[in-house]
Amino acid sequence: MKPLCALALSTSLMLAPLAATAQDGPMMKDASGSVAETVTALSAAIEGAGATVFAVIDHGGGARKVGEDIGDMQLVVFGNPALGTPAILDDPMAGLHLPLKVLVYEDAEGTTHMTWESPEAMLAGLNIPADAAYLGKMAGALENLTNAAR
């Protein structure tokens, strides 16, 4: 019985559309842990929801390698072909913007933030129907996954 409950939860995390409105700027929420802890929690939530973490890019580590300090900052790149493929079918240029990404970073005051582009803003200007169901599903997945990582 437990695997079925886990499947239902993971499906709801990825597919639950939220009432999302397009936003011009990045979406953002604070996290309670460090950058590394938040990336670990976000990655676990993504994998637990049946999506794939394709890469974690350590911007902070890269900067330190060239003698600069931008603080702790990592970009989590992830996706689910069930959500991304319909967008690419509508406009192949969506492949320039997908998969989804969440930037996790620490500000000068030590607060960890998660930030991302809304799917509507990210895919604006492409041949993507404004009422495409996958936009709401992507927005819901980003909201739910970042909530799970807090």
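Modeller: From the N terminus, the elements run α-β-α-β-α-β-α-β-β-α-α. That comes to six helices and five strands. Keep in mind that this is a predicted model.

Colleague: How much of the protein is buried, and what makes a residue count as buried?

Modeller: Buried residues make up 41% of the 150 residues. The label needs a relative accessible area under 20%. The accessible surface of the protein is about 8,000 Å², with 60% of it belonging to carbon and sulfur atoms.

Colleague: Why is Gln74 called buried?

Modeller: Gln74 has a relative accessible area of 16%. The limit is under 20%, so Gln74 is buried. Gln74 is found in strand E3, residues 73-79. Leaving aside neighbours within four places in sequence, Gln74 is in contact with residues including Val35, Val56, His59 and Val102.

Colleague: And why is Val102 called buried?

Modeller: Val102 has 1% relative accessibility, which is under 20%, so the label is buried. Val102 sits in strand E4, residues 100-106. Not counting residues up to four places away in sequence, Val102 touches Leu42, Met114, Trp116 and Leu142, among others. Val102 and Val77 are 25 residues apart in sequence, yet 6.8 Å apart in space, C-alpha to C-alpha.

Colleague: What share of the contacts between residues at least 6 apart in sequence joins residues at least 24 apart?

Modeller: The share is 69%.

Colleague: How do you know that Glu143 and Lys29 meet in a salt bridge?

Modeller: The N to O distance between their side chains is 3.0 Å. The rule asks for a Lys or Arg nitrogen within 4 Å of an Asp or Glu carboxyl oxygen, so the pair qualifies. Glu143 lies in helix H6 and Lys29 in strand E1, so the bridge ties together parts that are 114 residues apart in sequence.

Colleague: Are those two partners buried, partly exposed or exposed, and why?

Modeller: Lys29 is at 8% relative accessibility, under 20%, so Lys29 is buried. Glu143 is at 25%, between 20% and 50%, so Glu143 is partly exposed.

Colleague: How many salt bridges does the rule give?

Modeller: The count is two. Arg64 forms a salt bridge with Asp72.

Colleague: What makes Arg64 and Asp72 a salt bridge?

Modeller: Their closest N and O atoms are 3.8 Å apart. The limit is within 4 Å, so the pair counts. Arg64 is at 42% relative accessibility and counts as partly exposed. Asp72, at 35%, is partly exposed. Side chains of opposite charge can pair when their charged atoms come close.

Technical notes
Residues numbered from 1 in each chain as written. Predicted model: local features only at pLDDT ≥ 70, side-chain atom pairs only at ≥ 80, totals over all residues. Heavy atoms only, no water. Helix = DSSP H or I, 4+ residues; strand = E, 2+ residues; numbered from the N terminus. Buried < 20%, exposed > 50% of the residue type's maximum accessible area, 1.4 Å probe, protein only. Contact = heavy atoms within 4.5 Å. Areas by Shrake-Rupley, 256 points an atom, 1.4 Å probe, with all protein chains shown as cover.
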